[in-house]
Amino acid sequence: MDDSGYLMGGAAFLLMIPLVIIAMMMLGLDEHMASCTAEAAASSSVKRAAEDLKDNIPIITREVLNESAYRVINGDECPDIRENIQERLDRICSGYLNLNASCTVNSVESSSNDPFQVEVNATIRITEGNTGHLENVSERVSVEGLPDPLPFRVLGKLQHNSTTVDYGDKLSNHLNSCGVRGDLYINATGPFIIRRCPYEPYDCHGHDGVLINCLLNGYYHESHDGACYLCRLQGRASCPHPGLETFIIPGVCASSGPVSADHVLFTEPYEGDPVNCSGFILYLDGGHKLKYGLIP
Ligand SMILES: [Zn+2]
Ligand SMILES: [Zn+2]
């Protein structure tokens with residue numbers, strides 16, 4: 001090889017160095033990008049699973065509450081609400097491929113500031129490779145539209161259609177056994193479905209047409225004396241949680257009678273005065289008259 005040959009070889013070698021460097025960089029970059037994409041994919045599937053679980057908690061809770069209420073209405077025991085929700089969430093978790101997911105239901109309780117809502121507190125844990133997600137969530141579930149299991153827990157089997165419970169002689173017998181005039185509540189009627197009374201503040205029930213609309217629609221009201229939905233499922237007509245009350249319309253008019261609020265009739269009934277509402281009679285005590293603006 002002559003001098004020019006060496007020169008050419010040397011130049012070619014020098015030229016190759018940056019090429020090799022560029023190639024190495026590109027390979028490295030590629031590898032880095034590949035791992036980034038994998039991580040992003042992992043974190044997005046973890047995120048999706050967490051969102052999915054969060055979305056499912058209220059749906060499942062409502063299903064469990066509804067099914068439990070109908071079991072009670074049909075004379076069965078109330079199943080364990082928390083356990084039932086947990087089982088269904090476990091089933092969803094085991095369906096995630098390549099993910100290790102769990103959603104632990106820590107508590108199911110009546111909402112502290114809205115008795116028309118139940119609050120579910122849960123902890124979501126998901127891992128995939130090195131990616132992890134831990135989140136405590138609190139989901140609120142409305143009980144509006146669900147059937148009220150309480151009358152069935154207190155009195156046993158009752159006739160009802162999709163909106164109204166027909167008490168026949170069941171409530172009347174119960175009241176007689178409590179030592180108050182049950183005969184006034186023969187063929188009494190009350191609501192079957194929990195619906196929030198839209199007439200607020202409640203003392204506007206004294207205005208023309210309001211109370212009659214409230215009664216015809218079978219609305220429920222917030223009440224510290226009435227029971228929350230979860231306690232209604234357990235057959236407790238009164239509880240320490242913020243609760244609900246509704247009216248049960250007696251069948252007979254008299255000069256006084258057991259107060260027509262459900263929690264009064266189902267716990268320790270006491271007497272009130274008749275309040276005539278477009279032909280319907282309610283018996284109310286001073287406290288309830290004041291609450292609903294029915295003091296003349
Ligand atoms: Zn009302
Ligand atoms: Zn309660």
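Which residue, with a positive phi, follows helix 5? Helix 5 is followed by Gly-218, whose phi is positive, near 60°.

## The model as a whole

This is a predicted model, in which local features need pLDDT of at least 70 and side-chain atom pairs count only at pLDDT 80 or more, while totals for chains, interfaces and linings use all residues. Residues are numbered from 1 along each chain as its sequence is written, and chains are lettered from A and ligands numbered from 1 in the order in which they are written.

The chain has eight helices and eleven strands, where helices (H or I, at least four residues) and strands (E, at least two) are DSSP runs numbered from the N terminus. Of its 296 residues, 34% count as buried; a residue is buried if 20 or more other C-beta atoms lie within 10 Å of its own, exposed if 12 or fewer, and partly exposed in between, with C-beta atoms placed from the backbone. Two residues are in contact if their C-beta atoms, placed from the backbone, lie within 7 Å, and among contacts between residues at least 6 apart in sequence, 57% join residues at least 24 apart.

Strands of a sheet pair through backbone hydrogen bonds, either parallel or antiparallel. Here three strands form an open sheet in the order 1-2-3, and the pairing is antiparallel; two strands are said to pair if DSSP finds at least two bridges between them. Strand 1 (100-110) and strand 3 stand at the edges with a single partner strand each, so one side of each is left without a neighbour in the sheet. On average, and with direction ignored, neighbouring strands of this sheet are turned by 15° against each other. Helix 2 (residues 81-94) packs on the sheet, where it touches strand 1 and strand 2, and its direction makes about 160° with that of strand 1; for such angles, axes are lines fitted to C-alpha atoms, for helices over the stretch in contact, and the values run from 0 to 180 degrees between N-to-C directions.

Strand 2 (residues 117-128) and strand 3 (residues 131-142) are joined in the antiparallel sense over twelve bridges. Ile-126 has His-133 of strand 3 as its bridge partner, and Val-120 stands opposite Glu-139 in strand 3. The hairpin of these two strands has two residues between them, and in this hairpin Gly-129 takes a positive phi near 60°.

In helix 5 (residues 210-217), the residues Leu-211, Cys-214 and Leu-215 are buried. Seen down the helix axis, these buried residues fall within an arc of 95°, so they line one face of the helix; the arc is that of the directions from the helix axis to the C-beta atoms. Their cover includes strand 10 (271-277) and strand 11 (280-284).

Cys-277 lies in strand 10 and is buried, with 20 other C-beta atoms within 10 Å. Not counting residues up to four places away in sequence, Cys-277 touches Leu-211, Ile-212, Leu-215 and Leu-282. The C-alpha atoms of Cys-277 and Leu-211 are separated by 7.0 Å, although the two residues are 66 residues apart along the chain.

## The sheet of strands 9, 10 and 11

A further open sheet of three strands has the order 9-10-11, with antiparallel pairing. Strand 9 and strand 11 stand at its edges, each with a single partner strand, so one side of each is left without a neighbour in the sheet. Two bridges join strand 9 to strand 10, and Gly-257 stands opposite Gly-272 in strand 10.
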